[in-house]
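Subject: Structure handover

Hello,

Please find the structure below, for you to take over. My notes on what was found in it come after.

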Amino acid sequence: MERLFRRPGAQSWMLVSPIMLILVFFLLMPIGMITAVSFWGSTEFSIYPAFQFDNYEYLFGSQVVWNVFIKTFTFALITWAITLSIGFTVAYFLTFHVHTLTWQITLFLLCTIPFWTSNIIRMISWVPFLGRNGIANQSLIGMGLIDEPLEWLLFSDFAVILAFVHLYTLFMVVPIFNTMMRIDKSLIEAARDGGASGFQILTNVIIPLTKPGIMIGSIFVVALVMGDFITVRFMSGSQIANVGRLISNDIGLLQYPSAAATAVVLLCTVLITIAIMLRFVDIRKEL
Amino acid sequence: MDGKRPLSFYILGAFFVLFLIFLYGPTFTIGILSFQGPGGGLTFPMRGVSLHWFDELFQTQAVGDIWGSFRRSLALGLMVMVTTVVLSIMGGLAYRKRFAGSNIVFYIIMASLVIPSILVSLGIGLIFSQLGWDVHWSTSGFGAQLTWTLPFGLLIMFAVFNRFNPAYEEAARDQGATSWQVFQHIVLPLIAPSLIGVALFGFTLSYDEFARTLLTSGSYNTLPLEIFGMTTNVTSPVLYALGTLTTLFSLSIIGVFLCIALFIQRRRAKQGSDAGKGMV
């Protein structure tokens with residue numbers, strides 16, 4: 001025991017062991033369980049252990065499922081592009097245009113506070129804006145821009161993406177701001193002395209140095225959007241499906257094996273996407 | 001600096017203000033609408049101003065078990081907060097040295113952030129049902145939420161210890177402090193402000209968690225689950241009143257934590273030594 005304790009790393013292992021226990025029991029084993037259940041069979045009333053590929057066959061054979069996956073990717077891509085543009089601009093403003101640290105921190109905190117409030121409430125809060133008689137339609141009609149209320153504001157792709165951007169832009173702002181703040185200002189001066197224009201400084205100095213932050217933010221946004229089911233359900237009024245909703249619908253019908261198979265495919269898709277993104281950045285260096 | 005701002009400052013500044021309006025506008029709107037008169041609907045115009053919908057919240061019969069779910073969310077939030085803080089400190093300390101397998105553990109922690117919440121929820125639900133255990137917010141729900149709060153706490157602690165100057169500890173050790181004394185008197189006070197951050201993450205992420213708790217909380221709902229249930233059958237501003245109240249609660253929690261962090265910072269600045277700053 002004494003010798004075991006003195007071995008290098010033993011102390012570290014003891015310190016991380018509670019975390020590992022929790023993650024093994026509440027993360028790895030559940031994933032293993034889902035993988036196992038995805039090969040099980042089900043009747044209308046119960047599920048039974050088996051080793052069959054029916055669930056996957058059904059999944060890959062269905063055109064509907066393919067479309068839902070494409071929809072999920074589309075949501076992720078559009079949300080990623082918008083949150084990246086907004087997040088980068090906001091971080092750029094805070095870093096290079098706000099000159100005192102106190103103001104930088106204050107404004108940064110203002111951007112992050114909504115992160116600590118309820119997502120569900122923040123979704124609900126779009127209803128008075130986007131509804132048929134909502135603020136958006138009322139003011140557009142008031143300005144004479146439209147005669148009829150727009151129907152596509154609430155319960156539509158537009159509403160879903162709007163909510164995603166509203167909820168997840170913070171996940172871009174925070175890591176991008178974090179890396180940008182660490183850029184040595186003398187590099188920018190050097191570039192200016194060398195005759196670079198503002199745009200050249202942006203594309204040749206700032207963007208390359210900010211890339212790790214951009215990648216971390218992107219991973220967050222893509223993972224959150226691809227794994228989401230509640231935003232899509234609420235903002236589309238249950239009219240649009242993404243992969244998360246396929247899973248939650250199956251769960252609602254107690255079709256756990258089918259839900260598990262979809263979950264496994266979703267997990268693989270998310271992990272592959274992130275693995276590709278990780279090729280561009282070493283996260284541990286960025287902390 | 002000649003004090004004159006370039007044009008780009010005003011353009012980006014305007015963009016930033018618009019972004020803040022976008023972030024906060026909807027929340028303020030439901031804040032205003034929650035004071036609708038008794039005859040008012042889900043959007044403008046306001047039909048009078050009243051506290052009717054807040055009053056409705058206290059009539060338990062009308063809207064379900066809101067206060068029970070609030071108490072559960074509060075208790076769960078505190079449990080998750082304490083566990084997250086303690087385990088994050090331990091994890092942070094562990095990672096000050098490289099150890100065999102540290103990379104694998106790190107990737108599992110990161111995976112916990114990106115694995116879709118519904119999978120965690122579904123997987124834990126399946127395990128509990130196969131083991132014949134009942135899911136309950138204080139067991140399965142607690143574990144499910146830790147898979148979300150721990151990675152955030154650990155990321156903060158990793159960042160803190162990456163910038164931590166070991167000279168202070170070495171000095172204390174040279175004076176004969178035991179490792180527990182070094183931790184208690186040197187490390188803990190130095191990382192205290194960051195721990196406030198970890199605690200804030202732990203509590204608020206748990207208090208607002210939805211997807212991971214969905215299939216793991218059992219027959220007693222937490223507040224976000226209760227609110228979501230209400231969205232399907234309650235179509236009156238009572239929803240806004242509840243939203244406004246819980247947002248105010250979240251904001252006051254954030255305020256309290258920020259004040260504590262500020263207080264620690266102030267006290268430290270006051271008691272700090274001026275050694276090495278030269279004679280004045």
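**Aromatic rings**

A:Phe171 has a relative accessibility of 9% and counts as buried (buried is under 20% relative accessible area, exposed over 50%, partly exposed in between, with a 1.4 Å probe and protein chains only). The model is a predicted one: local features need pLDDT of at least 70, side-chain atom pairs count only at pLDDT 80 or more, and totals for chains, interfaces and linings use all residues. Residues are numbered from 1 along each chain as its sequence is written, chains are lettered from A and ligands numbered from 1 in the order in which they are written, and side-chain values use heavy atoms, with hydrogens and water left out.

The ring of A:Phe171 forms an edge-to-face aromatic pair with A:Tyr168, at 6.0 Å centre to centre and 70 degrees between the planes. For such a pair, ring centres of Phe, Tyr or Trp (its six-membered ring) lie within 6.5 Å; planes under 30 degrees apart count as stacked, over 60 as edge-to-face and the rest as tilted. A:Tyr168 is buried too, at 6% relative accessibility. Helices are DSSP runs (H or I) of at least four residues, and strands (E) of at least two, numbered from the N terminus.

In chain B, the rings of B:Phe70 and B:Phe249 are edge-to-face, because their centres are 5.3 Å apart and their planes stand at 80 degrees. B:Phe70 lies in helix H4 and B:Phe249 in helix H12 (residues 238–271) of chain B, so this pair ties together parts that are 179 residues apart in sequence.

The whole structure has 46 aromatic pairs over all chains. One aromatic cluster has members in both chains, among them A:Tyr168, A:Phe171, B:Trp148 and B:Phe201.

**Where the chains meet**

The contact (heavy atoms within 4.5 Å) takes 88 residues from chain A and 94 residues from chain B. About 7,800 Å² is buried between the two chains, and carbon and sulfur atoms give 83% of that area. Buried area here is the accessible area (1.4 Å probe) that two parts lose on being put together, summed over both. Helix H2 (residues 10–37) of chain A gives the largest share of chain A's side, 21 residues.

**Salt bridges**

A salt bridge is a side-chain nitrogen of Lys or Arg within 4 Å of a carboxyl oxygen of Asp or Glu.

A:Lys71 and A:Asp157 form one of them, at 2.8 Å from N to O. It links helix H4 (residues 63–96) of chain A to helix H9, the two residues being 86 apart. A:Lys71 is partly exposed at 25% relative accessibility, and A:Asp157 is partly exposed at 31%.

In chain B, B:Glu169 meets B:Arg96, with the closest N and O atoms 2.9 Å apart. B:Glu169 also bridges to B:Arg173, where the closest N and O atoms are 4.0 Å apart. Shared partners join B:Arg96, B:Glu169 and B:Arg173 into one network. B:Glu169 is buried at 7%, whereas B:Arg96 is partly exposed at 32% and B:Arg173 is partly exposed at 45%.

Regards
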